[in-house]
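Keep the model open while reading.

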Amino acid sequence: MSKLWDLSHIQPNSAVVLPGDTITAMFWNAVEERGPMVWLRQKHLGIWQSWTWDQTGQAVREIAGGLLSLGFARGETASILANTVVEWVWADLAILSCAGVSNGIYPTDAASQVHYLCEDSRTGILFVEDDEQLDKALEVRAALPGLRKIVVFDMEGLASLDDPDVISLADLRAIGQRYLNQHPDALPGRIGACRPQDLAILVYTSGTTGKPKGAMHRHEGLVYTVRGFNTLIAQDEHDERMCFLPLCHIAERMGGEYFALYTGTRLNFVENPQTVPENVREIAPTVFTAVPRVWEKFYSGVMITLKESSRLQQAAYAWAIGVGSAIADRVLARQSVNGWLRIKFQLAQWLVLNNVRKLIGIHRARFLVTGAAPISPDLVRWYLALGVPMLEVWGMTETCGASTGVPATLMKPGSIGPAAGFNEVRVDPATGELLVRGKNVFVGYLNLPEKTAETIDADGWLHTGDVGVMDADGYFRITDRMKDVIITAGGKNITPSELENDLKFSPYITDAVVIGDKRAYLTVIVMIDQENVEKFAQDQDVAFSNYASLTRAPEVQALIQKELDRVNQKFARVEQIKKFFLLENQLTAEDEELTPTMKLKRKLVEQKYAAQIDAMYR
Amino acid sequence: MSSIAITDQPVLTLQNIESAYGPIKAIRGVSLQVRRGEIATVLGSNGAGKTTILKTISGIIDPRKGSIEFKGVDITARDPAQIVRLGLSHVPEGREVFALLSVHDNLLMGAYTRSDRDGVARDMEAVYGYFPILRERAHQDAGLLSGGQQQMLSISRALMAQPDLILLDEPSLGLSPKLTKEIFEIVVRINRERGTTILLVEQNANMALNASDFGYVLENGRIVMQDTCANLREKEDIKEFYLGLKDDGVRGERRWKKKKTWR
């Protein structure tokens with residue numbers, strides 16, 4: 001393991017490993033086939049609990065029975081407002097088993113957003129995680145006449161709640177069991193009635209501009225895509241995955257839940273979004289998909305540990321990562337790795353790299369997958385130098401997750417790989433926009449036929465909004481989001497994401513938004529990495545009290561300037577960033593400036609900080 | 001009553017103080033300023049590091065890092081006795097009166113560093129003026145006083161050194177709300193009448209914010225918020241987490257906590 005020069009263990013699997021042409025049928029076939037094997041794992045009071053396929057089937061059956069007893073109709077929508085927990089998966093599969101439509105709502109959404117999403121999706125039944133999420137639903141239920149019942153996963157603190165519209169999951173399951181005893185044919189009938197062309201899930205796009213749009217996916221598209229995933233990033237029942245990104249996001253829904261459902265890979269749930277680093281080490285996933293922000297965080301965590309270590313350790317790290325990089329370079333250049341280098345790598349692993357991998361929790365990882373946002377090629381190279389292949393995939397809600405992917409046989413950091421075998425991808429010769437066509441492409445936005453028509457053209461090509469190029473090997477490279485391209489007052493076209501990704505590679509910078517459309521020069525809004533900058537400030541004896549004063553400290557400003565200078569070197573004069581501004585508030589997922597996946601919303605940030613931006617042009 | 005205006009000049013400045021108990025870092029880079037004539041307060045929950053800050057200032061603990069300046073003199077890790085002579089008195093958490101000495105002798109212990117007998121006598125009178133009960137009990141052993149009286153004695157003992165700055169560590173500890181209120185009133189009087197600068201550390205946020213001019217909020221050994229007390233009282237996080245003023249939500253009984261954002 002961990003030999004970058006021999007990645008023969010990553011083999012595509014194009015066989016159908018699980019029959020079923022709907023997610024529902026697939027699930028019940030999986031219960032049948034894999035019965036006593038463990039599928040889901042989650043901690044309760046600090047101790048790992050497991051659910052076999054049989055137990056999952058039992059839970060899903062009871063919840064589905066409960067839904068039927070509530071009169072949940074075929075094609076009706078139920079929504080789930082919860083963090084990534086086992087019950088989310090149960091509720092989702094129960095809704096699909098009733099031939100219903102399942103919709104996820106981000107737990108960080110405010111009550112008003114919950115209202116919009118329930119109304120737009122015509123939600124009849126809403127699953128909520130706990131009292132906190134319940135309060136959001138109760139706040140807006142008067143304005144949601146279609147909402148019939150709210151089901152609460154965790155009733156802690158709600159013992160005295162007496163509300164006819166609210167029921168606990170446990171009670172729903174008990175009712176469901178009784179209902180199914182009386183109507184033994186009801187659920188099998190529903191499961192059988194579920195057809196491939198039925199609408200299965202709604203995935204609301206985060207809506208960086210305007211209201212979120214509900215992307216509709218049918219069973220056939222989902223099934224087609226998970227089968228396709230196995231030809232791109234194959235996994236099986238021996239693999240362990242960590243389930244931690246929001247399940248309402250397409251990445252975890254498809255790549256986590258449904259892909260694991262198809263392949264039998266175990267899903268290990270994190271305790272909560274804050275415990276991810278600890279949980280990775282505990283779970284030590286063998287296949288690990290995450291967003292760049294997570295990879296950046298791991299990297300900067302290692303950098304911090306390194307700074308606190310002894311000179312000898314630092315020297316050992318520098319040597320080991322040098323050996324790893326040399327190997328990565330040779331592998332990327334498709335050159336062989338000679339025996340001497342292999343021996344050196346063995347030593348480097350033993351001395352340093354194994355420990356670094358263990359520190360992160362990727363010591364068992366066969367490969368890593370990154371997607372959902374652009375990643376710095378330097379960061380990919382760093383993971384390769386550790387000896388772990390990192391494969392970038394590219395896709396979006398509308399393509400049902402990954403649409404292109406870098407194969408292990410020929411990795412190219414900075415590239416998103418060739419089109420996955422299950423869909424066509426091409427560059428629009430006129431605009432440079434990437435177009436996707438295939439069964440994985442969504443069927444449209446709910447209630448928005450004209451938006452759908454704008455997105456999918458008459459020939460069935462999805463207009464992704466990403467601008468890219470294709471090289472001789474058929475590999476694509478994204479240059480930017482179409483809407484984000486900056487044209488400076490001097491008429492120069494700038495692709496901000498290149499600059500931004502290079503900035504984000506700095507351990508001191510979490511996110512950045514480059515500004516400069518119709519302006520004389522480029523500027524940037526920077527969100528600092530609190531932990532690392534605090535550490536820097538303390539090491540340098542910089543006085544600061546709270547977050548805002550940290551961002552104002554002249555030494556911190558100089559630090560960010562230095563990072564900016566480093567990035568500017570790589571670019572031509574007109575593409576260089578002249579000034580920057582540090583966000584003074586520490587942002588959380590609840591803030592409007594961030595998407596639920598913790599990316600800065602460009603348009604919103606540009607509007608909200610208009611005054612500060614203008615100040616940079618004075 | 002002569003009220004002494006607060007000046008912008010800091011009497012005490014902490015720069016990036018880090019203190020630890022063995023391997024456990026109690027404060028992790030604290031910078032704060034106390035301006036002459038003001039009452040400044042550090043709010044924080046159990047274990048936030050409030051007491052550690054005061055102990056570090058008065059020299060009982062030596063910081064791992066950072067510097068402390070008092071009246072323009074660097075007092076980082078100086079001997080506590082020297083620091084007292086510079087005009088900085090510490091009223092420790094839990095009072096720490098000399099139980100077997102009389103109230104009067106306790107007060108004289110406070111004036112140990114002074115040689116101006118007239119001044120000491122004057123201050124003794126002043127102290128008895130603030131806390132008449134101490135005069136009544138002057139010849140009793142301090143150990144026989146009630147908790148509230150011991151707190152009064154502890155504050156008075158600090159005053160006897162004629163300090164420029166008093167560090168006051170949780171005066172409300174174990175006292176009834178009424179007594180707490182009385183003691184805070186006198187603390188404010190001492191500040192206004194004598195111009196003594198006070199750095200107050202409290203868990204009772206409501207009392208502390210009422211009495212003080214400027215406040216810092218300490219969490220996990222780090223300052224997360226600083227502002228005038230009037231402004232602090234209006235902050236959402238202070239209301240919810242320190243003053244217990246939360247809206248009860250739609251159900252009328254909210255149990256879950258919002259996330260702190262400190263803005």
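## An open sheet in chain A

Four strands of chain A make an open sheet, ordered β2-β1-β11-β10, with mixed pairing. Helices (H or I, at least four residues) and strands (E, at least two) are DSSP runs, numbered from the N terminus. Two strands pair if DSSP finds at least two bridges between them. The edges are β2 (47-52) and β10 (240-243) of chain A; each has a single partner strand, so one side of each lacks a neighbour in the sheet. On average, neighbouring strands of this sheet are turned by 25° against each other, direction ignored. Axes here are lines fitted to C-alpha atoms, for helices over the stretch in contact, and angles run from 0 to 180 degrees between N-to-C directions.

Strand β1 (residues 38-44) of chain A pairs with β2(A) in the antiparallel sense, over six bridges. Opposite A:Gln42 stands A:Gln49 in β2(A).

## Basis of the model

The model is predicted: local features need pLDDT of at least 70, side-chain atom pairs count only at pLDDT 80 or more, and totals for chains, interfaces and linings use all residues. Residues are numbered from 1 along each chain as its sequence is written, while chains are lettered from A and ligands numbered from 1 in the order in which they are written.

## Domains

Domain bounds come from an automatic or database domain assignment. Chain A splits into domain 1 (23-232 + 246-275) and domain 2 (485-616). Their centres, taken over C-alpha atoms, are 38 Å apart. Seven residues from domain 1 of chain A and eight residues from domain 2 of chain A make the contact. Contact means C-beta atoms, placed from the backbone, within 7 Å.

Chain B splits into domain 1 (1-87 + 164-263) and domain 2 (93-162). Here the C-alpha centres are 24 Å apart. In chain B, 15 residues of domain 1 touch 12 residues of domain 2. On the domain 1 side, α2 (80-85), β7 and α7 of chain B each supply at least two residues. The largest share of that side, five residues, comes from α7(B).

## Helix α7 of chain B

Helix α7 (residues 177-194) of chain B has 18 residues. From first C-alpha to last it reaches 25 Å, close to the expected 26 Å (1.5 Å times one less than the number of residues). B:Gly195 follows, with a positive phi near 70°.

Which residues of α7(B) are buried? They are B:Thr180, B:Ile183, B:Phe184, B:Val187, B:Ile190 and B:Asn191. They cover an arc of only 115° around the axis, which puts them on the same side of α7(B). Buried means 20 or more other C-beta atoms within 10 Å of the residue's own; exposed means 12 or fewer, and partly exposed lies in between, with C-beta atoms placed from the backbone. The arc is that of the directions from the helix axis to the C-beta atoms. The cover over these buried residues includes β3 (39-44), α4 (117-130) and β8 (197-202) of chain B.

Note on methods: Two residues are in contact if their C-beta atoms, placed from the backbone, lie within 7 Å.
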